[in-house]
Amino acid sequence: MISKINKIIMGSLACLGLLVFASCGDKEAPIENLEPAICPSTIEFNLPDNLKQLIYTDETGARVLPLIKGEHVSLPYTVTPDNITFNDVVWTSSNPEIASVDDQGNVDALSGDGIGYSIVQVAPLGMFSGSGVNCNLKVRVSNSLIKAQSCTVTVSGTEVYAGETLQATVSILPEEATYRTVKWSSSNEAAATVDENGVITGQKTSAMRTPVTITATTLDGSNVIGTAEIVVLQIIQPQSISIDQKYAAPGYDCAINEKSLELAYTTVPAECTKSLIEWTSSDESIATVSGGVVTFNQSGNFGEVTIKARCPETGNEQSIKLNLAAGLIRETYHNPNQYSWYNAKQSGNGTESSHVWHDGYITITTYKQNATNQRADIKCWDAHTWFHAGKYPIFAFRMDDVKDLGHGITSRNINIDAVGKSASGADYKAIANGNNKYLHDYKCSDGSHVFIYDLSQQACGTGGLMPTNETVDFTILQIKHADMRTVDHQFQYNLYWVQTFKSMADLDAYVKSEGLSWEVLK
């Protein structure tokens, strides 16, 4: 080490001497003729394959080389550029009791339980040490080999097109296993290759669909493997597209609370690569589109938007005009992953409300309000709900009336707890202002009830009647369903939908479309 430092010092002094000589001995000698020192710009390990395949990245982002006590490995490296002035390096180990390193890059694994580690680093020596140029590995030493017991492969998708990629990852148990990496292989490399990092690349073949098995094999001799099945698809340019106009305006209005809409469409050829279709929206403040799925804004922007699909090779395109209607709420419980009206998750006296989704309705369990009352409020969990008393004034919900369910309930209270602000800044609270102030109660032929409010006729407790020319944004909206007397146990009731309608005639037509008839109780 001392000799290396001396070489650097002597080299530096030699350079200084040349400068002194040039300035004192020959005043005419141009300084620019002196050769500048060339510093190293990078230094990287150039490891053999048997070591490279063992390296993994841990949770801190460090590259880890696992070794077993007694192992001896060499870490070759490369410095660039090739013509640096001084190519001497220094090797260091942050914890030489775990792993030591000599000045040739030879590492000895000395001790460890698989948790302790040493950072082994190589960096330029002397005058270049402050450059930040270095390379290191976290060497983790185990006292003995801990073999893998299981290996699970996860792939980022089940299908890949020729020329595109998927990422495969592996999970090895137990977590204390010495080696955390695997050897990757493909059952059909003509259809899909997989590299040492688990990147799967689809290949061009004559078959439209080719199944391929991706295998991960552990490196500790345990013969533990994990597999995943994928399908390689060939890229076929779409020639034409036809969008189903089922949801087109003016015949259909879209509801912002539904959040998205999946458009149905057909292509020629039918087996084309649909990801090549170019989808665009005429107004992304209202809705965006990707792969035929339209996503509605949640900021209260309403109006018409044109969604267009284009086949890039032929230029063939088709569009659909959608209307995101101000004031429309449509909660019908046909999507288990996307609904926002359900129990308010209240609790009391050792019990709690809950709900279960079914296709077309939810079942809500009440909770103990007090010794003689049960309660189960229904809340809209969206951050915003927009009413428009001019365009969609009828607010209604169909559910079981708990008085009909045979629990001896003699009364219950329903009211709308709401806090909103109009687009022009006026405040509105407590729709219809009181218990059981619904305008109508329809009892349907299946025993359920439709409770109906008219926002254009029924005033709020604060703010009076809502305006008919602008939206009101409610940040709190809850159907309080309380004071169910007299009952001393939890029970369940069903909620079928929560919606707004343009008129009573539209509401009547909707109930009939469900195959129901009704009698008006109020």
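The count of salt bridges, each a side-chain nitrogen of Lys or Arg within 4 Å of a carboxyl oxygen of Asp or Glu, comes to 15. The model is predicted, so local features need pLDDT of at least 70 and side-chain atom pairs count only at pLDDT 80 or more, while totals for chains, interfaces and linings use all residues. Residues are numbered from 1 along each chain as its sequence is written, and side-chain values use heavy atoms, leaving out hydrogens and water.

**Salt bridges**
- Lys502 and Asp253 meet through their side chains at 3.5 Å, N to O.
- Lys502 lies in the loop between strand E44 (492–501) and helix H3 (504–513), and Asp253 in the loop between strands E19 (240–243) and E20 (260–262), so the pair ties together parts 249 residues apart in sequence; helices (H or I, at least four residues) and strands (E, at least two) are DSSP runs, numbered from the N terminus.
- Asp253 is buried at 12% relative accessible area, whereas Lys502 is partly exposed at 45%; buried means under 20%, exposed over 50%, and partly exposed in between (1.4 Å probe, protein chains only).
- Arg398, Asp446 and Glu514 are linked in a salt-bridge network.

**Surroundings of Arg412**
- Arg412, in strand E38 (residues 411–422), is buried at 6% relative accessibility.
- Its side chain makes polar contacts with those of Asn436 at 3.1 Å and Tyr438 at 3.2 Å; such a contact is a pair of N or O atoms within 3.5 Å, where within protein one must be able to donate a hydrogen and the other to accept it, and residues adjacent in sequence count only if both atoms are side-chain atoms.
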